[in-house]
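Okay, everyone, thanks for coming. Let me put the structure up, and then I'll walk you through a few spots in it.

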Amino acid sequence: MARLAKAAFDGKDLRPKWRELIGKLLDGTASAGEGLDLGLIAQLLGDKPAGLAIQHDVLRSHQLFGTRCHVPEPRLKLLALAAETDLGSNTPIEFLLEESAVELTTLYLLPGAELLDPLPDHDLAIVIASDSEDCRAALRTIEAVATRWPRPLLNPPKLIGNLDRDKLHRLLQGIDGLAIPATFAVGRERLLQASPSADAFDGIAPGLAFPVIIRPRGSHAGVGLAKVDDRQAMVRYLAERPEAEFFVSRFVDYSGEDGQFRKYRVAFIEGRPYAGHMAIADRWDIWYLNAHMSASASKRLEEETFMRTFDIGFGRRHRSALDALAQRIGLEYFTIDCAETRDGALLIFEADNTAVVHNMDPPDVFPYKGPQMRRIFDAFVAMLARRVRERGEEAA
């Protein structure tokens, strides 16, 4: 996935590879791995239904896939436990293992299917399925045997389940210096009943009023995300969305004195936070790409400063909140997307185990990013090695 995503990110045309693999699929010479690549390419080209259909067919007969290791003699063997879902709903773990001495094997757990027995040889395992609806069956399968897993099992399913948006605010509420708006799961019909008054959501979600942030329940990567200012806007939004249930939360204006919005991604490895990226834009709904960081030297300088001074700057300002958050979430690896409110609190948008932390940006434009990503990747691999070593010491 990392190789194909990097090619798409660099603007390379994936259609020749698509045609090559389609030809092999049609004449019966495509391997299972090439079939899985074909499904990924379809998704990267924007045809998600076709990509998922191809992936579904491949996974009916093959659930185990190996990724070529960077070195001939791997330092350790990692088993990633994945769900049958789209490319954004499993941890993009290949990025974290870039140029490492870790041999990665991915096992896809299918709805209604039993866990593979025997399991492939591995030193430790990590759950990379997310909290999204189409991953729930895989998480239940893993959870049923988690206490009997023969090796260290990282990111256990019961903790991943706490990352769902309407659960996360309850998990993190009460942390000093941290702000996280309550998120409510609300059905379409109840949203249509919202009145145009300030108490529009009375009886639906206590304390909630326009403007609100809304998104389809189970969506990721900003799909269906919108700010709705009044009832008329809500009616228009729902007319364009087919989903039956939505997440709704109050809108927090986190713009700075200059009118710009700043959104941060922070990666946590065994509770320690690392700067992932910083996006700056004149819009509240920021993603790194729509912030156009590559077009602004001043924005990049601010991001570089954020990364270089993280431990004595952002990380120190919010140390107690970050520490408490990491302790409550409890996962060995996860990320948060966050901001700072005007009164200095750490504003949490989401926490998950599937956000992309990568080193795909061109080094001539982002020379500061490579060293920071390497710091994260090295910390992740060191954590894996430490868990294996600790298990060996316990056994001895």
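Asn155 sits in the loop between strand 5 (153–154) and helix 7 (157–160). Keep in mind that what we're looking at is a predicted model. Phi of Asn155 is near 55°, which is a positive value, and this residue isn't a glycine. Most residues other than glycine have a negative phi. So is Asn155 buried or exposed? Asn155 counts as buried, because its relative accessible area is 1% and the cut-off is under 20%.

There's another positive phi to show you, at His292, again about 55° and again not a glycine. You'll find His292 in the loop between strand 12 (272–281) and helix 11 (297–308). His292 is exposed, with a relative accessible area of 51%.

Asn353 itself belongs to the loop between strand 14 (346–352) and helix 14 (369–395), and it's buried, at 0% relative accessible area. What lies 3.0 Å from a polar atom of the Asn353 side chain? That's the backbone oxygen of Ala129. And if you want a sense of distance, the C-alpha atoms of Asn353 and Glu245 are 23 Å apart, with 108 residues separating the two along the chain.

Now on to helix 14, where we have Gln372. Gln372 is buried too, with a relative accessible area of 5%. Its side chain makes a polar contact with the side chain of Arg375, at 2.3 Å. Setting aside neighbours within four places in sequence, Gln372 is in contact with Tyr274, Ala275 and Met307.

Next, the prolines. The peptide bond from Asp117 to Pro118 is cis, with omega near 5°, and Pro118 is in the loop between strand 3 and strand 4 (124–127). Phe210 and Pro211 are also joined by a cis peptide bond, with omega about 0°. Pro211 is in the loop between helix 9 (188–192) and strand 8 (212–216). For context, most peptide bonds are trans.

Elements giving two or more residues to the lining include helix 1 (2–9), helix 3 (32–44) and strand 1 (64–67). By type, the lining of this pocket divides into 17 nonpolar, eleven polar and eight charged residues.

The disulfide count comes to zero. Cys338 is buried, with 0% relative accessible area. Cys69, at 17%, is buried as well, because the cut-off is under 20%.

Okay, that's my tour. Over to you.

Notes. Residues numbered from 1 in each chain as written. Predicted model: local features only at pLDDT ≥ 70, side-chain atom pairs only at ≥ 80, totals over all residues. Heavy atoms only, no water. Helix = DSSP H or I, 4+ residues; strand = E, 2+ residues; numbered from the N terminus. Buried < 20%, exposed > 50% of the residue type's maximum accessible area, 1.4 Å probe, protein only. Polar contact = N/O pair within 3.5 Å; in protein donor to acceptor, adjacent residues only side chain to side chain. Contact = heavy atoms within 4.5 Å. Nonpolar A, V, L, I, M, F, W, Y, C, P; charged D, E, K, R; others polar. Disulfide = S-S within 2.5 Å.
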